[in-house]
Amino acid sequence: MKLAQFHLTLAAAWLLATSSAIAAERTGEQIYRELCVTCHGMAGEGTKDQPKVLAGDLSIEQLTKVIDKTMPEGEPEKCVGEDAKRVAAYIHETFYSPIAQARIKPARVELSRLTVRQYQNVMTDLIGSFRPPSGWEEPGGLHGEYYKGRRTRGGDRAIDRIDPVVQFDFGEASPEPEKMEAHEFSIRWEGSVFAPESGVYEFVVKTEHATRLWVNSNARSEADQPLIDKWVKSGNDSEYRGSIRLLGGRVYPLKLEFSKAKQGVDDSKNQKKPPPARKASIALEWKTPSHAQELIPARCLSRRGAPEVYVCETHFPPDDRSIGYERGSSISKAWDQATTVGALEAASFFLEHLRELANVRVDEQDAGPRLREFCYKLAERAFRRPLSPEQRRLFVDRQFELAGELELAMKRVLLFIFKSPRFLYREVGTPQPDAFDVASRISFGLWDSAPDEELLGAAAAGQLSTREQVSAQVHRMLPDLRTRAKLGGFFLQLLKIDQVPDIAKDSAAFPEFSPEVASDLRTSLEMTLDDVVWSGRSDFRELLLGESIYLNGRLAKLYGTDLIEDSTFQKMTLDDGKRAGVITHPYLLSAFAYTSTSSPIHRGVFVSRSLLGRTLRPPPEAVAPLAPDLHAGLTTRERVLLQTKAQACQTCHAMINPIGFSLENFDAIGRYREQEKDKPVDASGSYLTRTGETVQFSGPAELARFLANSPEVHNATVERLFHYLIKQPIRAYGPDTLRRLRDSFTKKEFNIQELTADIVTEEAMAGKK
Amino acid sequence: MSYPTSRRQFLSSLGISAAAMPFVLNLPSLGLGNEQAAATRKKRLVVMFSPNGIVPNAFWPDEEGENFTLKESLQPLEPFKEKSLILHGVCDKIRGDGDGHMRGIGCLLTGIELFPGNIQGGSDTPAGWSTGISIDQEIKNHLQKNEATRTRFGSLEFGVMVPDRADTWTRMVYAGPNKPIAPIDDPYQMFGKLYGRLKDQESLRSVLDDLQGDLKKISSIVSSEDKKLLDEHATFVRELEQELKAGDGKSLTHAVPQLELGIKEENDNIPKISKLQIELMVNSFAADFARVATLQYTNSVGGARMKWLGVEKGHHELSHEPDSNEDVQKQLARINKWYCEQMAYLAKRLAETPEPGGSGSLLDNTTIMWTNELGKGNSHTPDNVPFVLVGGGLDFKMGRSHKFKRVAHNRLLLSLAHGMGHSIEKFGNPKFCEEGPLALS
């Protein structure tokens, strides 16, 4: 890899020329008190007229420049040159910089309730712990069984195979003429489906014949209603939909039945003429929460069955994300009400499935004592630690004695457990953190869920006391689907696409850019992220430098490379190495763009905030972008420069624009271009680092190389990942934690999995003083 | 005992949408029996269904008008004779796909043809579901639109021994084209739907003291900064306790009915299940949970074996026997008499229950209509389908036997809507609505 060229300048050098002799006598503090304190307050806390807290991450040099040009407001000439520099140094050191902020306002680990995501996972895993274990094996399609006759049962099975996807058009013929007749046959596809993300999924079956689809139901009894039941074919509809909420990163049982035959009374023996030829086809599609409707791909289907998964339906108010990550340090009435409804929902589920989960029926002879045993176990798993004798009495025995009737007793126990702070909060079990808190820190850190049996076992056996022991558990749990789901969520958040961006484009300029293309691009990016994180090296830099991109037939056509039209996703190289990593992925480039033109500002803000971790305030006033047609002759770059040339804009745009410009080789849908408006694209850009070095780059590849090797990016990533995983401020874990984790990240070749393990281990050990 | 299978069903069985979940425990909104609603008279409609036609000479009174004699099958109505209306000559004129039994039940309350489909009957072409909404749901939608007539459920669909199978023969009620509604034939499931929330509230209340106690313990071991959060939590628990207390007593105008437990869903328990369902229906009217209800015994072609009447064979099988088999015709008359007893029992229970916040009894404000998918079992005729009405809900002129000359049953469906204050001009297939509702009041 070629190193980017670093052009170092002494940013402060020119300031020396304007220093005045008198000012040199005064300290930064004196100047601040004289000129600034009336508006900004003694420690930058702000005043009534100027309430904004004076804190941020500009370097002393940048700060000096701002003060020199704009401060004090209305009379910037009062503080220039050396004065400005001294004031800048003073406030930077005393309260402005993040380090100073940390010093004056020490962070602490706050008592936290489960976040919404954690609550959902904990409930799912708690109920799942009483069911057979689940896994994701042998993806690549469903088990298909084809039967002669109208019913999928008995000895009429003619074909037994794996179908990668369900998309068949049999026409008027038999699926296999030697084995089965054309006029009457039936098929059952069975296995499991992997849900890549959380939310409401719409399943779609397209067929002209009788069909039934079960999702997340093993259809053991008649009470297990299908998601789609069109066994009664009625009217001319041939597309059926059913919606179901699924938790991401989990595997659900799936069964699809199809019958080309009449149901009801079997009159085939009375029919003298052969039945008329009829067409038969079937397709199984879905619309996931963030994609357009598509065929369920083979990579999300497996022939293996799976246990059912409890998915909480209760709606919780969203978590506070005001400081950049979800956290549970506040509660509200709406949250408390949701915990009540959630408790009622789960309690009903337990009672309805008592036979399956507890292997006890309430009318059995020894049901009482066996149900108590079940309740002890349930409470321990719910509270994530063993019960004291008093707690066994309070939560279980007492409720059984008071309720009398078993079903009522169970209901009381269940509601009590699910409304208890021991279930709803983290680390309220003991005055000092113990081995069980360590276990929970590991599992919540990696999975946003409760510890599994093995981890609780290790805690009970005293095998979570050394760093090595903790690290061993962390590494055991790292490949789990729940870690994958959690880390997947991190990168979507990092790239600002956790909420699906609206990337509809101007249909005149980009007629081929359909919702399906946008959806395919998202899939392509998600596959890339998954590859980078879960490949052997798990190298973070690969995210920014990777030269290949996943394309299917539809995308290949639009982005100008060769692939058969209905090809599924495969890794390819686009535009001859002019692309590098996710910042050149068309999905992101399209998301950070207008409907018909690119947007260097959006792209620059994204790189500054998300990757370099810079703080950017919103613009001082809302500004509508200059309409391209008002400046028909200008390139995008020229137009942006024109609009942001005012001094007030430059405070931030001096950083934003030059970064965004380096991505100007990509248009509004992320296609590569050499020219805009018949002028060659100028993709040169620069960045002034926090330490005051100006880095210059030209074009996306140089920008990507700079970012991949930038300590600022590494720092920001470590900090962001820490907050995402742990949901507590990193500063609360000591002033050195960030640096230590970053050093280890660097030493371990920027291995994302190892960084995750390090962060979780670090936090797990933090309480062990 | 079957349970609702998805949590979505669980939530909807609480009678409110998921969006309103945080208010699930807001008790005062539970029963909507408020003073304002009591100001206008409540009107209710019950449609009761039994299958396989009737035995005409043991069913239809010979006379027309106010002086008539109840024959064997209708004898149980003797105590309510003055409140009864027996309508002869009403015919189901809907044709199209499906066999007689399928159309019989599928067009009975919808008054419109079935979709072509894949369900093959004993004869005719295969068919699917109905192409239209049923009259009870049409009326319910009308009542639910208006604040003064809106109730928690709007309508309740009861069943007794309905086979666990969704097809054209087992569904009478439709929310719209291709939208059959399954009746709830498990009284315990219906109980859960009606009162589950109250039971939950009781359980919840019973653990709140212990919860507060434990919360105090936890509070004592956290730091003073963290204690603030737990104090806030304790306040919410206290508020919940107060809300539950405040709702106590206001929510219901009557006691929660006590059901005999452990009655399995099987043929021989039909009489017991029937009673439980009637009890729940009467209670839900008293609580004003709904103004419309259906009660479906078995299904079209239903094969109940009424051993408790000394009838060993299945109902449907018997119904195919010719008129000349007098013994079987007697058994069939007895079977229909038993269904009539259920109607009479429902009428009795409604008559015994005073109208809460109004005058008279529930029966004064409720009309029960008993009907069937066929006129006669062995001929599968859709002519002279039995329509027997009891009660004063729809302000029809009661105490009569009336004989129409082959009128379309769509017109009777219109009369039901008009009687319930929903003045529609067409229902189902408009071809059969041309002469408007039957004049019954």
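**Contacts, strands and sheets**

Guide: In this predicted model, 15 residues of domain 4 of chain A are in contact with 15 residues of domain 5 of chain A.

Visitor: What makes a pair of residues in domain 4 and domain 5 of chain A count as being in contact?
Guide: Two residues are in contact if their C-beta atoms, placed from the backbone, lie within 7 Å, and 15 residues on the domain 4 side of chain A are in contact with domain 5 in this sense. The helices α15 (481-494), α24 (711-726) and α26 (752-766) of chain A each supply at least two residues of that side, and α24(A) gives the most, with 6 residues. The centres of domain 4 and domain 5 of chain A, taken over C-alpha atoms, are separated by 27 Å.

Visitor: How is the side of domain 4 of chain A that touches domain 5 of chain A made up by class?
Guide: That side of domain 4 has 6 nonpolar, 5 polar and 4 charged residues.

Visitor: Why are β11 of chain A and β4 of chain B said to stand at the edges of their sheet?
Guide: The sheet is an open one of 3 strands in the order β11(A)-β3(B)-β4(B), with mixed pairing. β11 (263-264) of chain A and β4 (127-130) of chain B each have a single partner strand, so one side of each is left without a neighbour in the sheet.

Visitor: How do you know that β11(A) pairs with β3 of chain B?
Guide: Two strands pair if DSSP finds at least two bridges between them, and 2 bridges join β11(A) to strand β3 (residues 114-120) of chain B, which run parallel. In β3(B), B:Gln120 stands opposite A:Gly264.

Visitor: Why is strand β2 of chain B called largely enclosed?
Guide: A residue is buried if 20 or more other C-beta atoms lie within 10 Å of its own; 6 of the 8 residues of β2 (residues 84-91) of chain B are buried, so the strand is largely enclosed by the rest of the structure. β2(B) pairs with β10 (residues 387-390) of chain B in the antiparallel sense over 4 bridges, and with β11 (residues 400-408) of chain B in the parallel sense over 6 bridges.

Methods: Residues numbered from 1 in each chain as written. Chains lettered and ligands numbered in written order. Predicted model: local features only at pLDDT ≥ 70, side-chain atom pairs only at ≥ 80, totals over all residues. Buried ≥ 20, exposed ≤ 12 C-beta atoms within 10 Å, placed from the backbone. Domains from an automatic or database assignment. Nonpolar A, V, L, I, M, F, W, Y, C, P; charged D, E, K, R; others polar.
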